[in-house]
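Work through the exercises below with the model open. Each task is followed by its solution.

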Amino acid sequence: MALATRGIPAAEILGMLAGDWHCGYDPVAHRTAPQCTPLATQLLHAAGLAYAEQRRGRETVVLALCGDGATSEGDFHEALNFAAVFHAPVVFLVQNNGFAISVPLARQTVAPSLAHKGVGYGIGSEQVDGNDPVAMMGILDEAVHFAREGNGPVLVEAHTYRLDSHTNADDASRYRDSAEVEDWLARDPIARLRTYLRRENRIDDDFEAQLNAEAETQAAALRAEMNIERATDPTELFRYVFAEPTPQLREQLADVEAELAAESEEIDR
Ligand SMILES: Cc1ncc(C[n+]2csc(CCOP(=O)(O)OP(=O)(O)O)c2C)c(N)n1
């Protein structure tokens, strides 16, 4: 969802999960770093990028997201410390959904809150109801403004809940009570936003019907797009890691190119 709000097409976002491309989208064109599988490494990238942008005199503010589980990683702590010491303009958004796969927050930390971890590094830190979209917009606007004014990083802990299992390889019913899920379902942010907009007379039945029809059309187009078998280029492996590839990498690239050329000759014959 965070990637979609950057205007990145859904098929490109899902490209990595489909195994089609390393990142799926163009990080430079979208000014959005590639997704990181190792937890919390993105926070160090964010701190470094924000510091570099600051040194270049640019007004960039970096938004870096992580989960509650990621706050137990060493990289989280190093990123916070680095960003704080160098006044790097980073907004750290911690989505506290209560679980790191099957590990509940209480088994992850005894800190009074995850925002306290930011305070420990001298970072202005806030807690917010993560299921309240209006509160989220408000606090993030403020945080970006604060960081852009040169006041250093901000940490926002958003309280939310993971309604489903972590993935389809996980079965949440093995480690949590369904009553807890019911309770959080009643606080669904989409339902809350809908109630709010209805009450303010900003949306009506016609608008909702049109929105649902548009969503169905988009979903059908996305399904069709994801079923297209994409050609991949194995030499891309060498293209994006170093600005100047090492002699060893150049040699390996030449080997791969020779192998691919031999393969295509074979196919032609
Ligand atoms: C360094 C590292 N260790 C373990 C994993 C395996 N892993 C993937 S997701 C996950 C839980 C993440 O929990 P959290 O940070 O709370 O984020 P959530 O997925 O709940 O948003 C773990 C342990 C990983 N990807 N990287």
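**Exercise 1.** Classify F99 as buried or exposed.

Solution. F99 has 9% relative accessibility, so F99 counts as buried. Buried means under 20% relative accessible area, exposed over 50%, partly exposed in between (1.4 Å probe, protein chains only). The model is predicted: local features need pLDDT of at least 70, side-chain atom pairs pLDDT 80 or more, while totals for chains, interfaces and linings use all residues. Residues are numbered from 1 along each chain as its sequence is written, and side-chain values use heavy atoms, without hydrogens and water.

**Exercise 2.** Find the aromatic pairs, then describe the one formed by F99 and Y175.

Solution. Start with the whole structure: the search gives 6 aromatic pairs. Rings of Phe, Tyr and Trp (its six-membered ring) pair if their centres lie within 6.5 Å; planes under 30 degrees apart are stacked, over 60 edge-to-face, the rest tilted. F82 and F86 are tilted, at 4.6 Å and 35°. Next, F99 and Y175 are tilted too, 5.8 Å centre to centre with 55° between the planes. Y175 is partly exposed at 24%. Finally, ring pairs join F99, Y161, Y175 and W184 into a cluster.

**Exercise 3.** Which charged end sits over the ring of F99?

Solution. It is that of R176, 5.1 Å from the ring centre. The test needs NZ of Lys or CZ of Arg within 6 Å of the ring centre and within 35 degrees of the ring normal. For W184, the charged end of R187 sits over the ring at 4.0 Å from its centre.
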